[in-house]
Amino acid sequence: MRNLMTSGAIALAVLAGSCSSGPDAPTAATGAPVHEAGAAAVDQARLIHADSEPGSWLAVGRTYSEQRFSPLKQINDKTVKGLGLAWYADMDTERGQESTPVIVDGVMYLTTAWSLVKAYDARTGAKLWEYDPAVDKAKGADACCDVVNRGVAAWHGKIYLAALDGRLIALDGKTGKEVWSTQTVPPGGHHTITGVPRIANGKVFIGNAGAEYDVRGYVSAYDAETGKQVWKWYTVPGDPSKPYENKAMEMAAKTWKGDRYWKLGGGATAWDGFLYDPATNLVYFGTGNGLAWAQELRSPGGGDNLFVSSIVALNADTGEYVWHYQETPGDEWDYDNTNPLMTADLPYPGGVRHVLMQASKNGFFYIMDAKTGKLVSAAKYAPATNWADHVDMTTGRPVINPTARYSSLGKPTLIAPAALGMHNWHPMAMSPVTGYVYIPVQVSAAAYAMKDDFKPNPEGTNTGTDFAGGQALCKAPGAQCGNIESYILAWDPVKEKEVWRVKNDVYGSSGILATAGNLIFSGNHKGEFAAYDATTGKRLWSADTQARVVAGASTYMLERQQYVAILVGARGLPDTAKRTNPLSANNSRVLVYRIGATETLPDTMTKLPPGAARIKIDPPLLTASNETVFAGEQAYAANCAMCHGPAVVPGAGSIAPDLRYSGLLPIRNGWDPTVRNGDRSTRGMPAFGDKLSKETTDAILAYVIKRANDEKAAQQAAASGSGH
Ligand code: CA
């Protein structure tokens, strides 16, 4: 198979030669489509030889190696200053937009929040078709971290989508009509899917999410033509009174204690990073946290708890276990190992090695031999990481900070990173020209404490942690908790060291694209899309996006013009942005740039849909007692803060509206039916049902009214202060 890879490089050289032989030679290298537009004519050979048609972006990671590197260089460190907006398209969803546009033969395919798919003419932006899987909006309650989707796969005429509710769906590439749909998760459970299907050997590989709830993780493969399941592989062992599904589960069961884990589900869901490697014919994926997070609550007495927080390699054809490497043995800090994976041929002094790489949530950059899984290196890419001091290269195990194990020690601990990790799902990129990997780093720390009175909750999350329990640690002199800083890091994987970093003005991560034009492209949470010198990190160009950016970009060439495309929109508007998209409160759009283009984004929203305008803060007077407000504060923190923000102030991690501005505050009998009965479930507000009493929702309302009055008073004070 390695020879096949080499012949791909030769094909590239030959094509490049034929391109220069005649200005009108219609080759893939010039960006002329090689197949009929919309035919989604992607096959294994085309993906393996993707470098021979740099004008395309055939899969979310562009190639099977998923380096998110483009050989295109019309847009480069010299010309990028002339980059302008070529076209844009308004999205009709809000929430987080996380997908990377895929471009096949002149057609751009992307997904939006709520698992919608859209196809555009990649040159003009004309919409060709759209598909809405009509996900039940109540399903949003099972999505720990927003109702997002990270993109599609193209294969043999079809476009593949995994919807939030667990359906794997094949669409006709030309029309967007559904060809088949398979439910891949148990109905009625808490599994969701936000990840991207990967396809090879005629099989579609997909995982799922839900390890904060009560699920048992697994990955599966489906026949790309029929949607029939080919194999399924669980990531954690199940009920020990039943036969093990395979030898790997028998091995894994020895690393667990007690019987709580399988009753809770065990977790370890593979919700993002997936990669197929034609050189090894293995499919790799990362697994998430165990259930509960606090290890004493799932495996009292410890144990590694396989295959929690691990990288696993399976035979792509049979789903048989081949190797694993557990990055965080016995994880209890939510250090999912689900971050994006990439393969590379790294030039070590002793020779080239074919490796698999990941910048883990846990702060270490792992390099493994792609064939055997043997650890090649594990270096701390985020220096603030303190849950482990280093990885012992003889054992391959982390040397864990003695105070880190809060559940077995029975003592809260202050640990970096916090649960969102030093890096999360946001795509990293690698340039084989510079040799660097570009990582969106987000530095955080948190106080972890075990919930002493933990009882499994069949309706909600079961992390078993008490986020208020260790707050005293955060108040100690010199201690830092929460989100600290974020930056783009250029990392030399061979030398295991930082080359440069560019700090973000506003905290938050965005995906990265690298190109042969000595550029990297990345958005940010200030509301910009920018290009940086890939060698030095110098900022060379930026554009106002009017939206926060979390997704990764892609680039393609059509009619000898190189384009860069980025989907924007997430988590409210940037501080300085106004709403200009009448269809999306966070200005979700796809923005497409090329040299010399002069399109502009609107500076006002001309037509407001009913009730869509940002309203003035105007809460009713607070009439509730202090006791009620206090009870409401506790209930809010436990049930509402995760989506609406702590203390009713949405932050960079909040996905739902600012309740201080809610039109429901003054409406008698408007609040409780929304919270408990799901009156706004079609807009993504789940029904809490009997989980909360009327008394509790009234108390939450009183607390929100208090917080709204606090804000109103602060705004009035600021306004009067500014008059002097
Ligand atoms: Ca997790």
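Q: Are Glu212 and Asp336 buried or exposed?
A: In this predicted model, where local features need pLDDT of at least 70, side-chain atom pairs count only at pLDDT 80 or more, and totals for chains, interfaces and linings use all residues, both Glu212 and Asp336 are buried. Buried means under 20% relative accessible area, exposed over 50%, and partly exposed in between, with a 1.4 Å probe and protein chains only. Residues are numbered from 1 along each chain as its sequence is written, and side-chain values use heavy atoms, with hydrogens and water left out.

Q: Which protein donors does the calcium ion have?
A: They are Glu212 (OE), Asn289 (OD1), Asp334 (OD), Asp336 (OD) and Asp336 (OD), lying 2.2 to 2.7 Å from the ion. Donors are N, O and S atoms within 2.8 Å of the metal (3.2 Å for Na, K and Ca), and water is not among the atoms, so sites may look incomplete.

Q: How are the donor residues spaced in sequence?
A: The spacing is E-x76-N-x44-D-x1-D.

Q: Switching topic, how many aromatic pairs are there?
A: The structure holds 31 aromatic pairs, where rings of Phe, Tyr and Trp (its six-membered ring) pair if their centres lie within 6.5 Å, and planes under 30 degrees apart count as stacked, over 60 as edge-to-face and the rest as tilted. Phe205 and Tyr276 form a stacked pair, with 6.5 Å centre to centre and 15° between the planes.

Q: And how accessible are Phe205 and Tyr276?
A: Phe205 counts as buried because its relative accessibility is 0%, and Tyr276 is buried as well, with a relative accessible area of 1%.
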